[in-house]
Each structure stands twice: as C-alpha cells, then as structure tokens.
Amino acid sequence: MFAVDLHAHTRFFHGFPSLGRAYDPLGARLLARTAKYRGLDGVVTTNHDYYREFDVGGESFSLLPGIEVTTTKGHVLVVGPDPPERTPQGELTPEQVVEMAHERGCAAIVAHPFRNSTVREADADFDAIEVNGKGTDPAEWVERLARDRGLPLVGGSDAHYPVEVGRAYTRVETDELTPEGVAAAIRDGRVEPHVDRSPSQQVLRRAYKAIHGQKGWLEHPAPEPPGLGMPPGEDQNAPPPRGPETGDSGRP
C-alpha cells in the first residue's frame with residue numbers, strides 16, 4: 001500500500017499565468033518535501049487545465065502526473081501516465097474528458113462533487129469519487145453518491161499551499177508506485193481514502209465552508225421526501241369513516 005495525495009497544485013494563486021510558470025518548479029519541490037515529511041509516498045500534481053513535468057530529485061518519493069480539467073459542469077481529475085498538457089477551460093463535457101482520460105490510460109475522478117459543480121450528474125463512466133480535503137462536501141453526501149454510482153472513494157487534499165498537502169490522501173494498493181499502477185488501482189477499486197480530522201483541520205474546513213458558501217459555490221442535494229403511504233393495517237380501498245354529523249362515529 002502506498003499513501004498518495006491525488007489532488008494538489010504547484011501554485012496558490014490564479015490569474016497570473018506567467019508568474020505561475022516561474023513559480024511552479026519551486027511549488028513542486030515544496031509539495032514534494034512537505035508530503036515526504038508527512039509520510040506520504042507520492043503526490044499527483046493536478047494543476048488547473050495544464051500539466052507540466054517536474055523533477056524534484058530523489059528516489060524515495062514520486063511526483064505523479066495529472067490535471068484538473070474544468071469541464072462544462074465542473075472539475076474532473078485526470079490521473080495517470082499521459083494526461084493532456086493543456087485543456088480548454090470550460091469547453092469539454094464531462095463525458096469527453098472521461099473518454100479522453102481512458103484513451104490515455106488515465107483514471108477520471110469527480111472532484112469535490114458538491115462544490116461549484118454538477119459533474120456528478122453527468123452520464124459518464126467515471127472511475128472514482130473524491131473526498132476533498134477542504135471538507136466542503138458533507139461526507140454522507142459523498143459516500144451516498146459513491147454508493148449510488150457504484151464507485152470507489154479516493155482522497156485528495158486540493159492543496160494550493162504546500163502546508164495543506166496530505167490533509168486528505170488515498171491508500172493505493174499497487175505493486176509499484178507508477179502512474180500506470182495508480183490509475184489501474186483507482187479503476188479497480190483498490191483504493192481507500194484517508195482524511196486528517198485533527199482539531200486544526202476541522203477549524204480550517206469550517207473556514208473553507210464559510211468562504212465557499214459566501215461565493216455561492218456549495219451545492220445542496222434535494223432532501224428525499226418522506227414516505228406518504230397508508231398507515232400500517234389500513235385498507236387503501238376502504239371508504240373513509242363517516243363523521244359525527246351523521247351519527248356514525250366511524251367505529252365498528
């Protein structure tokens with residue numbers, strides 16, 4: 001078993017592409033060092049709509065390839081040996097991204113399914129559902145979604161700052177920690193999510209929920225209506241009891 005954070009970024013800011021490109025190699029090294037210090041065996045870099053290969057040195061830690069694709073309905077993680085180098089933001093459907101991932105030998109994961117996303121509703125052959133480290137998706141909703149779709153759960157920190165790496169990760173059952181091995185394990189369900197539920201992380205998750213809630217990014221599934229069937233022992237076809245105005249109390 002290997003401990004792998006399946007969702008991490010090499011930069012903590014957006015909207016400054018040139019500055020980001022300059023920062024990315026440093027961000028990758030900081031991710032790797034922090035993750036190794038915390039006992040992880042590997043981290044998947046899943047930057048928004050682009051993939052770059054980074055050399056962080058050393059043989060005891062793996063920085064694995066991936067990308068977080070912005071589809072027409074939200075984010076999908078593509079993890080494996082050959083993620084696309086760049087994807088057009090908000091143009092590909094979830095179905096197209098899943099098909100592309102599988103053609104490239106990768107796994108396709110629904111990222112933070114209830115935060116600024118309706119990807120979970122797409123009729124696509126996803127490989128897993130993410131338990132996101134930011135904690136904006138209530139666990140019971142994510143678990144129910146995975147059960148309903150018959151998919152395994154995986155964990156990813158969604159780290160933008162290196163200090164966040166590993167707050168959620170995945171135990172991956174594979175003989176070798178390779179991109180091919182990780183993708184195959186996800187597709188086969190040989191994975192198990194782990195979430196850091198320490199008091200400090202609980203405080204951070206409440207902060208994330210407040211911030212994303214103010215942005216209007218949090219989705220709330222419609223509650224299931226209560227059952228409206230007949231009370232036990234009553235005959236649905238029997239006429240209603242006659243009221244007291246007729247002199248009949250309705251009792252036998």
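This is a predicted model: local features need pLDDT of at least 70, side-chain atom pairs count only at pLDDT 80 or more; totals for chains, interfaces and linings use all residues.
Residues are numbered from 1 along each chain as its sequence is written, and side-chain values use heavy atoms, with hydrogens and water left out.

The protein contains 5 helices and 9 strands (DSSP runs, numbered from the N terminus: helices are H or I of at least four residues, strands E of at least two). Of its 252 residues, 48% are buried (buried means under 20% relative accessible area, exposed over 50%, partly exposed in between; 1.4 Å probe, protein chains only).

Strand E3 (residues 62-70) is mostly covered, with 9 of its 9 residues buried. Ser 62, Leu 64, Gly 66, Glu 68 and Thr 70 point one way from E3, whereas Leu 63, Pro 65, Ile 67 and Val 69 point the other way. The pairings of E3 are listed below; two strands pair if DSSP finds at least two bridges between them.

| Partner of E3 | Bridges | Direction |
|---|---|---|
| E2 (residues 42-45) | 4 bridges | parallel |
| E4 (residues 75-79) | 5 bridges | antiparallel |

Val 43 has Leu 63 in E3 as its bridge partner, and Thr 70 stands opposite His 75 in E4. The hairpin of E3 and E4 has 4 residues between the strands, and Gly 74 takes a positive phi near 135 degrees there.
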